[in-house]
Amino acid sequence: MSKQEEMLHMLSELVMMDSGSYDKSGVDNVGSYLINAFNELGFVETIVKQEEYGNHILLKQKKTNKQPSILLMLHMDTVFPVGTSAVRPFVVKDDKAYGPGVADMKGSHVTTYFALKTLYETNPTILNQIDVLFTSDEEIGAPSGRSIIEEQAIGKKAVLVMEPARKDGSVVTFRRGGGRYVMRVEGIAAHSGNDPEKGASAVEELAYKIIALHQLSDATAGIHVNVGVIRGGTAVNTVADYAEADIDIRLSKMEQASELEAAIESIANETRIKGTSTTVKGRITRPPMMRSNKTIQLYELVREQARLVGIEVGETSSGGGSDASYTSALDIPTIDGMGPVGSGFHSEEEYLQVTSLQERTTLLLNVIQRVLSKDVVFK
């Protein structure tokens with residue numbers, strides 16, 4: 001079996017394991033598979049057990065007294081529900097592999113394993129300087145994973161986040177931060193035909209607030225506010241006694257967070273329909289991933305190593321979030337998108353470019369070795 005065939009075999013097995021963020025047993029199945037694979041490379045696991053989500057897994061070499069310098073960061077969860085792999089199984093067509101989570105990010109599990117396998121076979125002592133962290137809830141904002149990520153990142157020389165590379169092969173050096181809020185309006189129910197004047201419509205009040213919320217968006221400042229889901233009312237002939245909205249916010253600088261939160265609270269406190277009252281709950285779930293000087297230096301190192309193996313790697317920004325934001329916020333050099341090339345993430349069209357499996361394995365291998373060189377300093 002060729003190396004590419006071995007990689008595709010491993011990828012197929014991982015993709016055919018459903019592991020949606022809320023499917024604890026599925027995520028833990030993926031975790032068990034990865035533990036067994038990495039055990040063969042001398043890594044031993046520390047399992048951080050979770051009640052609601054899948055368990056997090058930290059892998060370290062069994063014989064090491066060193067403080068590892070590199071953290072490789074991956075997630076095991078996908079956005080797809082149980083049963084998706086049976087309906088839409090792993091398949092390869094025209095150098096593209098398809099299936100739920102094939103690029104985001106089970107392909108990265110494969111490239112990470114094979115890069116470290118090469119080191120295990122050629123320079124095993126270097127593995128003492130590498131930690132590998134698999135988390136279980138990245139796709140839903142890392143509610144249980146954030147503290148683990150921050151704890152393991154502290155003291156590292158660099159963090160390589162194994163999200164997929166973009167369609168053109170670019171890695172990610174900047175991401176907007178984000179938050180989630182729920183605004184709930186309480187009104188007064190009444191029959192809409194017999195005595196509507198006795199009611200106070202929560203739906204009408206929320207409608208005013210939605211318009212005001214969307215007006216907080218500022219494309220120039222990199223701020224976007226979106227009400228994506230609304231719920232309310234009980235019957236079409238009843239004045240609605242409740243309504244609520246799920247709000248997503250994106251920001252480019254952490255300083256914008258307090259201003260946005262104050263503006264959202266102000267909208268909640270302003271009453272247009274007498275008899276209604278409003279509450280809002282939520283928080284900033286991810287800080288922005290900033291394009292700091294250290295990150296730029298790490299990107300230049302990645303680009304240099306890519307050119308040495310005949311790959312051109314650009315940099316890009318993303319409005320979506322990832323766990324890279326947490327390590328970047330700690331001022332640790334962080335590059336996101338170090339996985340294989342893919343596109344169509346979170347959709348039925350998601351695919352992974354098969355030829356990029358070996359290319360990105362080699363790139364990761366070379367970047368790891370270069371980062372660990374004594375002459376490389378990020379400042």
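In the predicted model, tyrosine 181 stands opposite glycine 282 of strand S14. Strand S9, spanning residues 177-186, pairs with S14 in the antiparallel sense, and nine bridges join the two. Both strands belong to an open sheet of four strands, ordered S11-S13-S9-S14, in which the pairing is antiparallel. The edges of this sheet are formed by S11 (224-232) and S14 (277-286); each has a single partner strand, so one side of each is left without a neighbour in the sheet. On average, and with direction ignored, neighbouring strands of the sheet are turned by 15° against each other.

Helix H7, formed by residues 256-269, lies across S9, S11, S13 and S14. Relative to S14, H7 runs at about 165°.

A further packing arrangement involves two other helices. Two packed helices are described by the angle between their axes and the distance between the axes. Helix H1 (residues 3-15) packs with helix H10 (residues 356-371) at an angle of about 95°, and their axes are 10 Å apart. Because angles of 65 to 115 degrees count as roughly perpendicular, H1 is described as roughly perpendicular to H10. In this contact, Lys3, Gln4, Met7 and Leu8 of H1 meet Leu357, Gln358 and Thr361 of H10. Of the residues in the contact of H1 with H10, three are nonpolar, three are polar and one is charged.

Conventions: Residues are numbered from 1 along each chain as its sequence is written. This is a predicted model: local features need pLDDT of at least 70, side-chain atom pairs count only at pLDDT 80 or more; totals for chains, interfaces and linings use all residues. Side-chain values use heavy atoms; hydrogens and water are left out. Two strands pair if DSSP finds at least two bridges between them. Axes are lines fitted to C-alpha atoms, for helices over the stretch in contact, and angles run from 0 to 180 degrees between N-to-C directions. Contact means heavy atoms within 4.5 Å. Angles under 35 degrees count as roughly parallel, over 145 as roughly antiparallel, 65 to 115 as roughly perpendicular and the rest as oblique. Ala, Val, Leu, Ile, Met, Phe, Trp, Tyr, Cys and Pro count as nonpolar, Asp, Glu, Lys and Arg as charged, and the others, Gly among them, as polar.
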